[in-house]
Amino acid sequence: MKKINLLKEVLSHEVFPALGCTEPIAVALAAAAAAAEIEGDPDDIRIVVDPGVYKNGLAVTIPNSGDERGNLLAGVMGALIKRPDLRMELLSSAEPGVVDRAKKLIREKRASISYDPRKTGLYIEVEVCSGPSRARAIVEGGHTNLVLLEKNGTVILKRQKPDPPKKAQKSYREVLKESTVSDLIDLVEAMDAEDLSSIRFGVEMNRQASEAGRKLKKVGYYVSRIVEQGLLQNDVVSSCKVLTASAADARMAGLNVPVMASGGSGNQGIVAILVPDNVGRHFQVEEKRILQSIALSHLMNSYIKCFTGNLSPICGCAIAAGVGAAVAIVYQLDGRDLNKITLAVNNLISDLGGMLCDGAKGGCALKVVSSTDSAIRAAYMALNDCGIREAEGFVGQTAEETIRNFSRISRVGMAKVDATILEIMKEKMI
């Protein structure tokens, strides 16, 4: 039985370029996959998603849409573009007229979206019709994981989620969930040149997105203005906040610039990558060590989401990517010190554990700023042996135990939170 390379599996499946918020783009991808199987333009499009996807794509701006918003428009655009081969960057190929055609289908009620409250994981189902022809696509378990494709009732593709393991072989997600932080450090210390190049490419991509976002008068701009006015010190913490907020501004505004995602989320990729990169540069850490720390950040982000789920009631930028960034900083400066890594995890989760996710929108940049600030503070305290310990609150003796405890709160204790948020959001849309 061939042993999987866990780092490469995570980098392949969960760290990828994404143009726009990943949930509506995943809807567009599913629609494109279905529409590519039929001749001519679709005349009817029906989309069903899980509550998390519905929430995350309800109010976010769609790239190349002229500042229009929402999953439904993204899905219809994807169905008209018919380029599933472009994966999470498919809306980059939107030609003039696509948005008007998409809006016409929606206006004529020939396209609709709803959510199925019974779906608890990432789920997107799209049925596209053109005359007598119809096709159906299902993406499940991951933003790019196409598990079913049908044409006129005939199955073209069918597979399990997230990827079918060979007999008696565990999926990479199962292996990741059973790993320890020490195991993840082993992986990054065995990185090859291909892995390092991949991480470096993600850093460059997200820095370019941040540069694009600086031109917008949004959160990143105002954080930088506060620094210029002397209300915040001009230091590495502030520069990290400006970097991450500006990149999130670019994404949430629908600018035509991709970012490298982490754990399937672009905003999480911004925090997981740019925070350890900028801190490492500030402390003149050698490049290889910085890249290894970013790989560890990706692994921690994905590891936490094995417990909390891809889309949870809690902001993933905080309790997944923020934790990843904090652990990465500790690793850069003190290496494999598991006691300090545990303190960093405890510090951040104790600080931001209650930050709610109310869908993707411009306000996400504010949460990115908070996550950035908390990650650096959590790491700095941990590096000085200061932090929240087992006797306090819900944190555990180890980083792994704290993450499991918090997952229980998120999945069980907050089970009704998403439904309540969705009710409020839907009432606002009426």
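Helix α17 (417–429) gives the largest share of the lining of the largest pocket, four residues. The model is predicted: local features need pLDDT of at least 70 and side-chain atom pairs count only at pLDDT 80 or more, while totals for chains, interfaces and linings use all residues. Residues are numbered from 1 along each chain as its sequence is written, and side-chain values use heavy atoms, with hydrogens and water left out.

**Largest pocket**
- A pocket is an open set of points on a 1 Å grid over the protein atoms alone, where a 1.4 Å probe fits, with protein on both sides within 12 Å along at least five of seven lines.
- The space in the largest pocket is about 970 Å³, a volume being the space filled by probe spheres set on the grid points.
- Its lining comprises 34 residues, and T120, G121, L122, G309 and R411 lie nearest the centre; a lining residue has an atom within 4 Å of a point.
- At least two lining residues come from each of α3 (51–56), α6 (172–177), α12 (287–308), α16 (399–413) and α17; helices are DSSP runs of H or I with at least four residues.
- The lining holds 13 nonpolar, 10 polar and 11 charged residues, where Asp, Glu, Lys and Arg count as charged, Ala, Val, Leu, Ile, Met, Phe, Trp, Tyr, Cys and Pro as nonpolar, and the others, Gly among them, as polar.

**Second largest pocket**
- The second largest pocket has a volume of about 350 Å³ and is lined by 23 residues, with R87, H143, T144, N145 and L146 nearest its centre.
- Helices α1 (6–14), α2 (22–35) and α6 each contribute at least two lining residues, and α1 provides the largest share, three residues.
- By class, this lining has eight nonpolar, 10 polar and five charged residues.

**Strand β2**
- Strands are DSSP runs of E with at least two residues, and two of them pair if DSSP finds at least two bridges between them.
- β2 runs antiparallel to β4 (residues 123–130), joined by six bridges, and pairs in the parallel sense with β3 (residues 111–115) over five bridges.
- V48 has E125 as its bridge partner in β4 and S114 in β3.

**Helix α1**
- L6, L7, V10, L11 and E14 of α1 are buried.
- Seen down the axis of α1, these buried residues fall within an arc of 135°, so they line one face of the helix; the arc is that of the directions from the helix axis to the C-beta atoms.
- Among the elements covering the buried residues of α1 are α6, α7 (181–189), α8 (193–213) and α12, contact meaning heavy atoms within 4.5 Å.

Definitions and conventions. Buried means under 20% relative accessible area, exposed over 50%, partly exposed in between (1.4 Å probe, protein chains only).
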